[in-house]
Amino acid sequence: MTILVCGASSLVGRDLCNLFDNENIEYYGTYHNNQSLSERENMYKVDFTNNNEVTDFFNDNKHKFIVCIFLIVHTAVDVCESDWNKIMKVNVDAVDLTSSICAKNGIYFIHLSTDNVFDGSNPPYFPSSTPNPLQNYGISKYMSELRVCANYQRHSRENNTLKRKCNYNDNDDIPDIAVNDDKEHDKDDYINTGKMKYCIIRTPVLYSINDSSALSNNEVSNLSKNIMDLRTYIKKTEDDYYILHPVFSPDLCVFIRTVATIAIDKNETDKFSGIYHYYNPDNRFTKYQMIIKISEFLDISHNHIYPVNVSSKTKRPYDIALYDTRYNIRNFPLSDFNNTIACGFSKFKHPKLGKYYNSVTDTTTATNPNIVINQQPTYFLMFDLDGTLVNTSYAHYRSYLEVFSKRNIEFMTYKEWKKYINYNNIHSYIVEAASKLANHDITELQHILSDIRNEKLEFFRSFAITYVTPTKNCLKILEFIEKNNINAVVVTNSSSSTTDVIRSIVPALNKITHWCFRETYTEPKPHPESYNVAFQKYYKNENYIIGFENTFIGYESLRHTANIVYIYVDRDDEYSEEDKWYYAKNSFIFDDYKQVMDC
C-alpha cells in the first residue's frame, strides 16, 4: 500500500514529492504537461479534466493506493472570475470525480483547500466557522469541499455491511463511525465500515521557491518580479491594505505527510478526519510589506513601487487568519517569512556590476603578508549577441526578405519575424522553405540552403551598415569588462562570418575576447549545448556566473548554465511590449545596461 499524489508537478506537489524522496516514502504521482516527470517510473500522465482518462487510470491502479493526495487546482484569480466553466472543470468536477472513486474504493482522500472560503471580515476562522467566499476561486473551492464530504458520506452508507453506530462530532462534517478496533481488519473491512475517510486541509496563500519553480507560479514569490524589473522609470503600485498570512509550502508538506502516514496506519485512520486548518500564526503582511523585505535582501531599490492603502473595488477578503484547536500548530515547522527570503532568493543575490571591481591591488600585502584585504567578487559573464549586445534584428529581417523576394516566396512581416525568432530558431523556417523549393530532394536542398546563406550574408553586409547599432549603453559594460579584466564570452547563433560583419561595425565588441559562434557547437538555441560549451571552455571558477539574453529560446538555452540571468528588452520593440513573456522567467529585466551597472 502506498500514496498517490495527484498533481506532482504543482507548487505543493513538487515539494511533497521531494519530501517523500528524501524520507524514502513510497508514492506514485500524476502530471499533465510537465514532461520532465515522464522519465520517472512512479509517475503517470493523467488529465483530470478528462473523466474517462481518470476513471481508466483508477480502474487500472486503484489497488496500489491507500491514500490519495489531491493537489490539482486553478488558482489564477483573474481566470476564475472571467471563465467559470474552466475553473469548474478543475476546481470542482475533477475533485468530485476523484473523491467519489476514492470513497468507493476505500482510499483515504486528502484534499487541499483554501482560506478564501471565508470573507475575511471576522478573523480568526476555525474549521467550524461558516464559509462565505467572496470570489469565484473561493466559491469553487468551497464547492469542492462539499463534494468531497458528500461523496464520503454517501459511500460510507452504501458500503456499510458491518455492525456500527454513528457518533456525531461538532468538528466533523460527516458522522464519525466507531468500530471494534480490537480485531484485525484488512482493507475490505475498512471500506465496509466507512473508517477510511477524508481530510480537507485549508491553508492561506502558499509559496515555494526552488530551482524547478518559476517565481511567477505563486502570489508571494511573484512579488519579486516588480523588484527584479530594473526599469525603475516604470512606476508601479502594490497593495498595502489586505492582510496575507503566507505559508511556506515545504512546511505544509510535513503536515500532509503526517496526515498521510497516520492514515496508512490502520489503527489511526480516524486521527485526522474532516476539515483542518494549517497556518502560520507568525506571518502577517501586506504585499507591499513583503516587497520591502525582498528588495532589502536583494539590495535593489523599490522606490518605483508605491503602496496602495485603500480597499480595492474587487471583492477580496481583508484578513483570513486561520486557527485550529485540535492539534498544536507549534508541533510542525513554521518558517518565518524573513528567513525563507534568504532560502528562496539567495541565488539571485550578487554584487552589482559597476559597483565592485576585481582588479583592486594592495601593495602593502607584498611587504606584510599578514595584512588581509577584502577579496573582490569575480564574474564569468555570458552574452548573447543579436538583440542583447547589438541591435541586428531589422538587418537580419531585411536580408531574408530580399532572399525570399528574389525567389518570389512570401516572407513574414517584421512583427511576425519578431515573434518567430523569440520562440523559434530561424534555421527551421529556412529549411522548411528550401525543402519546398527542392521538392524534398536532399541534394538539391543542400544546394538551395547554401545559396540562401551566401545571398543572405551579402545582403546583411549592406543592411548592417545602416541598421546594426549597440544596444542601450552596451558600451558601458564592455568598458567595464576591459578595464577590470572580466572573464566574458559571447555565445551566438550567428555564424562567424556574420559575426565578423557585426564586429567590424561595432568594434567595441572586441573587448570581449572569447566567442562561441554557430560553428562551435552542434545544436542551436534553445538547446543548452551552446552555453555548456562556452562554460566548459572558458569558466575559471569565478564566484558568479551571469548570463544575458533577449529571447525566449535564448533564455531556455542559458538558464541551465548561468546562476543569474538578465533579459534585455528593447523598449522600442512593439512585439515585446505586447507579449511580455519575460515576466514569467526567473530573471532580472532591463532595457539599459546602466540599470545593470548602477542598480
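Select C253 and C17 and show their side chains. In this predicted model, the sulfur of C253 has its closest cysteine sulfur in C17, at 8.7 Å, which is too far for a bond. A pair of cysteine sulfur atoms has to be within 2.5 Å to count as a disulfide. C253 is also buried, at 1% relative accessibility.

C6 is buried, with a relative accessible area of 0%. How many disulfides does the structure hold? The count is zero. For reference, a disulfide is a covalent bond between the sulfur atoms of two cysteines.

Now turn to a pair of helices. Select residues 51-61, which form helix α2, and residues 84-104, which form helix α4. The two axes are 10 Å apart and the packing angle is about 25°. That angle makes α2 roughly parallel to α4. The crossing of α2 past α4 is right-handed. To see where they touch, show the side chains of N51, V54, T55 and F58 in α2, then those of L97, T98, I101 and C102 in α4. Of the residues in this contact, five are nonpolar, three are polar and none is charged.

The next stops are on the backbone. Most residues other than glycine have a negative phi, and most peptide bonds are trans.

Select P123 and P124: the peptide bond between them is cis, and omega is near 0°. P124 sits in the loop that runs between β5 (108-114) and α5 (136-158). Then select K525 and P526, which are also joined by a cis peptide bond, with omega about 20°. Here the loop is the one between β18 (514-516) and α18 (529-538), where P526 has its place.

Move on to N408, in the loop between α12 (393-406) and α13 (414-423). Phi of N408 is near 60°, a positive value in a residue that is not glycine. Is N408 buried or exposed? N408 counts as exposed, at 75% relative accessibility.

Finish at N541, found in the loop between α18 and β19 (544-549). Phi is positive for N541 too, near 65°. N541 has a relative accessible area of 66% and is exposed.

Technical notes: Residues numbered from 1 in each chain as written. Predicted model: local features only at pLDDT ≥ 70, side-chain atom pairs only at ≥ 80, totals over all residues. Heavy atoms only, no water. Axes fitted to C-alpha atoms, helices over the stretch in contact; angles between N-to-C directions. Helix = DSSP H or I, 4+ residues; strand = E, 2+ residues; numbered from the N terminus. Parallel < 35°, antiparallel > 145°, perpendicular 65-115°, else oblique. Left-handed = near helix turned anticlockwise from the far one by under 90°. Contact = heavy atoms within 4.5 Å. Nonpolar A, V, L, I, M, F, W, Y, C, P; charged D, E, K, R; others polar. Buried < 20%, exposed > 50% of the residue type's maximum accessible area, 1.4 Å probe, protein only.
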